[in-house]
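I am opening a notebook on a structure that is new to me, and I mean to write down each thing as I look it up. The sequence and the model come before my entries.

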Amino acid sequence: MTMKKKTLLVFLFFLLAAPLARGEGISVKDPWVRQNPPGTSVTAAYMVIENPGPDDELVEISCGCSREASLHVIEMKEDSDSMAMREVASMAVPSGASLALSPGGPHVMLMGLSGDIKESVVLELRFRSGARISVKAPVLSPRAAQKRTHPH
Ligand SMILES: [Cu+2]
């Protein structure tokens with residue numbers, strides 16, 4: 001690649017990245033929802049929440065696709081080796097950090113789905129700071145979800 005082309009590419013990169021950088025607020029990356037097995041009404045949603053700003057906290061989540069959406073963490077039960085899900089009222093998103101919601105870890109539980117979900121759903125997030133983010137999360141089949149979780 002010639003120097004001129006390289007310079008142009010770098011310039012283009014900054015031009016495109018600028019609007020994102022100026023946002024400087026919380027952002028959501030790679031949202032996705034696990035396709036519910038046909039006829040069932042529960043599933044989970046995952047994403048990475050990035051916070052370049054001051055400390056914040058995810059306090060509410062909702063989805064037009066379900067009657068209920070809640071924040072769940074997975075914990076080891078004290079009296080045994082088994083894991084259990086527990087609902088939490090909020091999840092911290094510290095300054096300069098990211099919160100990963102992923103299979104086997106913290107996640108969004110969607111209960112009372114109004115039918116089989118297809119293609120994508122819209123999730124609404126609300127933070128302690130007042131920030132609200134709406135993200136479109138693609139619905140992944142079990143096979144696609146497996147690929148996403150174990151990319152190699
Ligand atoms: Cu759960």
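In which sense do β1 and strand β10 pair, and over how many bridges? I looked this up before anything else, keeping in mind that the model is predicted, and I found that β1 and β10, the latter spanning residues 132-140, pair in the parallel sense over 2 bridges. Within this pairing V33 stands opposite V139 of β10.

Next I turned to the other partner of β1 that I had noted. Strand β1, residues 27-34, is joined by 5 bridges to strand β2, residues 42-51, and these two run antiparallel. Here I noted W32, which stands opposite Y46 in β2.

I then stepped back to the whole chain. I counted 2 helices and 10 strands in its secondary structure, and from the N terminus on I read the order of elements as α-β-β-β-β-β-β-β-β-β-β-α. The chain has 152 residues, of which 20% are buried. When I looked at contacts between residues at least 6 apart in sequence, I found that 68% of them join residues at least 24 apart.

The largest nonpolar core holds 24 residues, and V33, A45, V121, L123 and A137 are the ones with the most contacts inside it. Two or more residues come to this core from each of β1, β2, β3 (56-63), β7, β8 (107-113), β9 (120-127) and β10. I wrote beside this that nonpolar side chains in soluble globular proteins tend to be buried together.

Is S95 buried or exposed? I found that S95 counts as exposed, because there are 10 C-beta neighbours inside 10 Å, and 12 or fewer is the cut-off for that word. S95 lies in the loop between β6 (91-93) and β7 (97-101). Beyond residues up to four places away in sequence, S95 touches N51, G53, P54 and D55. I also noted P52, which is 43 residues from S95 in sequence, while their C-alpha atoms are 6.0 Å apart in space.

The chain averages a pLDDT of 88, and 84% of the residues score at least 70. Where pLDDT is low, the predicted coordinates should not be read in detail.

Methods:
Residues are numbered from 1 along each chain as its sequence is written. This is a predicted model: local features need pLDDT of at least 70, side-chain atom pairs count only at pLDDT 80 or more; totals for chains, interfaces and linings use all residues. Helices (H or I, at least four residues) and strands (E, at least two) are DSSP runs, numbered from the N terminus. Two residues are in contact if their C-beta atoms, placed from the backbone, lie within 7 Å. Two strands pair if DSSP finds at least two bridges between them. A nonpolar core is a set of buried Ala, Val, Leu, Ile, Met, Phe, Trp, Tyr and Cys residues joined through C-beta atoms within 7 Å. pLDDT is the predictor's confidence in each residue, from 0 to 100.
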